[in-house]
Amino acid sequence: MNRDEAIKRFHGGDDTFAELIDDSQPVELPAPDTDVPMVSRSVRLPMDTYDRVRAAAEARGIGVTTLMRQWIEAGLADLDDSATVSLADVRRALASLSRPTAA
């Protein structure tokens with residue numbers, strides 16, 4: 001059946017499409033990667049900002065949304081004085097401890 005014929009049948013009330021759907025095999029959906037319910041939100045970013053975020057995510061071997069979620073969680077942790085600290089900050093702090101200080 002071509003596109004035009006399918007449209008004509010659909011608008012004419014043909015049940016062929018319902019039968020096709022009913023006869024289809026069930027599809028197994030992938031399991032979520034977390035037990036925590038997630039909410040999807042849209043964020044508008046300038047293209048150059050998005051490119052920087054994407055490059056940072058690729059350098060870490062993770063997805064863009066995963067990196068953005070980590071940054072948001074770290075920012076929120078900073079607001080409530082919890083113990084989330086970036087690995088880069090820990091390394092810088094440790095490196096500064098090993099250097100002799102000027103007298």
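1. The expected span of a helix is 1.5 Å times one less than its number of residues. Helix α5 (residues 87-98) has 12 residues and should therefore span 16 Å; its end C-alpha atoms sit 17 Å apart, which agrees.

2. Some ground rules: this is a predicted model, where local features need pLDDT of at least 70, side-chain atom pairs count only at pLDDT 80 or more, and totals for chains, interfaces and linings use all residues. Residues are numbered from 1 along each chain as its sequence is written, and side-chain values use heavy atoms, with hydrogens and water left out.

3. The protein has five helices and zero strands. Helices (H or I, at least four residues) and strands (E, at least two) are DSSP runs, numbered from the N terminus.

4. Of the 103 residues, 7% count as buried. Buried means under 20% relative accessible area, exposed over 50%, and partly exposed in between (1.4 Å probe, protein chains only).

5. What is in the largest nonpolar core? V53, A56, A57, V64 and L67 make it up. Such a core is a set of buried Ala, Val, Leu, Ile, Met, Phe, Trp, Tyr and Cys residues joined through side-chain atoms within 4.5 Å. The elements giving two or more residues to this core are α3 (47-60) and α4 (64-79), and α3 gives the most, with three.

6. Setting aside neighbours within four places in sequence, V53 is in contact (heavy atoms within 4.5 Å) with V64, L67, M68 and W71.

7. Back to α5: is it buried or in the open? The number of buried residues among its 12 is zero, so α5 lies largely in the open. V90, in this helix, is partly exposed at 34% relative accessible area.
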